[in-house]
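Hi everyone, thanks for coming along. I'd like to walk you through one model today, so let me put it up on the screen.

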Amino acid sequence: MSERKAQLAANLAGTEERIASACVAAGRARKEVTLVVVTKTYPASDVRLLSELGVEHVAENRDQDAAPKAAECASHSLTWHFVGQLQTNKVRSVLGYADYVHSVDRLRLVNALSAEALRREREVGCLIQVALDSEAGAERGRGGAAPEEVEALADAVAEAEGLRLEGVMAVAPLTGPYQGQPRAAFDRLTEIASSLREAHPAANMVSAGMSGDLEEAIAAGATHVRVGTAVLGVRSRLR
Ligand SMILES: *Cc1c(COP(=O)(O)O)cnc(C)c1O
C-alpha cells in the first residue's frame, strides 16, 4: 500500500470511528448515516484510492475542478455529489457527472437542472440548500434559500421533470443567531426537513455536518455527513 493510501485508510478509519460513536450516542443505527467524502482541491488519484478503500460517495464544490476529476475516475464506481454554489451556466457540465445536487437554492436553477436532466434523459437527485443565517433578502455568502423559501422550491423540484426531491442540506452558519451553535442550527434544519416530509414523504435526506461538526449533525438527525479535511487533510487553498 502506498504511503498516501495508508494515510487515507487511517483517516477514514478515524472518521468511521467518530461517525459510529456519534450514532451510538444518538441512539441511531450506523446505517442511517452515509459518509460523503468531499474531495475538493485533492487530485483524482486520491479519489481513486478512496474508492479502492471502500468509499462510495464523493462530493465536489467547483465544476471546473470536478468535471475533469470525475472523468479521470470514470472507471471507478462512485456516486458524485455536487455541494457548491451552482451557476446556471455550469448545469450542463455538472449533470455530466453529478448524481446529486445539494445546493438547489433558487427557481431559476430548478428550471435549468430540469431542462438539462430532460435533455440527457436522466434523473437527478436534488436537495434544497437552506441558509440558516438568512433572513429573506439578506446577504448569503455561502448560498442557500431562506427557510421560508424552502417549501415553494421543494414543490417546484417535486413537480419538475427529470428531478427527484431528496431532502435538504445546510452548512453551520458563521454568522447570525446560530453562529457557534451547530447543534441548534442542525436541529432547525431537521425541523425544516420534517415539515418538508409532510408534503413529500420520500424526501428524507438531511445533508449536514462536516469535519468539525459531524457529531452535532448526527445528534440532530443528519443522514449524510460531508467530510473533507478529516479524511484528506487540511486544504492548502482556502475555498
Ligand atoms: C468543503 C465542504 C465540506 C467539507 O468540509 P471539511 O471541513 O473539510 O470537512 C462540506 N460541505 C461543503 C458544502 C463544503 O464546501
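I'll go from the strands to the cores, then to the ligand, and end with a few loop residues.

Some housekeeping before that. This is a predicted model, so local features need pLDDT of at least 70 and side-chain atom pairs count only at pLDDT 80 or more, while totals for chains, interfaces and linings use all residues. Residues are numbered from 1 along each chain as its sequence is written, and side-chain values use heavy atoms, with hydrogens and water left out.

Let's start with the strands. Helices (H or I, at least four residues) and strands (E, at least two) are DSSP runs, numbered from the N terminus, and two strands pair if DSSP finds at least two bridges between them. Strand β2, residues 57-60, runs parallel to strand β3, residues 79-82, with four bridges joining them. Between the two, the chain passes through helix α3, residues 63-72, in a right-handed β-α-β crossover. Right-handed here means that, with the strands pointing away from the viewer, the path from the first strand over the helix to the second runs clockwise. On its other pairing, β3 is parallel to strand β4, residues 100-104, through two bridges, and Phe-82 has Val-101 as its bridge partner in β4.

Which residue of β3 is the bridge partner of Ala-59? That's His-81. His-81 is buried, at 2% relative accessible area; buried means under 20%, exposed over 50%, and partly exposed in between, with a 1.4 Å probe and protein chains only. Its side chain makes a polar contact with the side chain of His-57 at 2.9 Å. A polar contact is a pair of N or O atoms within 3.5 Å; within protein, one must be able to donate a hydrogen and the other to accept it, and residues adjacent in sequence count only if both atoms are side-chain atoms.

Now the cores. A nonpolar core is a set of buried Ala, Val, Leu, Ile, Met, Phe, Trp, Tyr and Cys residues joined through side-chain atoms within 4.5 Å. The largest one has 68 residues, and Val-101, Leu-113, Ile-128 and Leu-163 have the most contacts inside it. Helix α7, residues 182-199, gives the largest share of this core, six residues. Apart from it lies another core, of nine residues, including Val-36, Val-38, Tyr-100 and Met-169.

On to the ligand. The residues surrounding it include Val-38, Lys-40, Val-83 and Met-210, where a residue counts as near if one of its heavy atoms lies within 4 Å.

Last, the loops. Most residues other than glycine have a negative phi. Thr-41, in the loop between β1 (34-38) and α2 (44-52), has a positive phi near 75°. Glu-121, in the loop between α5 (107-119) and β5 (124-129), also has a positive phi, near 50°.

Are these two buried or exposed? Thr-41 counts as buried, at 18% relative accessibility, whereas Glu-121 counts as exposed, at 75%. Gln-87, in the loop between β3 and α4 (91-94), is partly exposed, at 47%.
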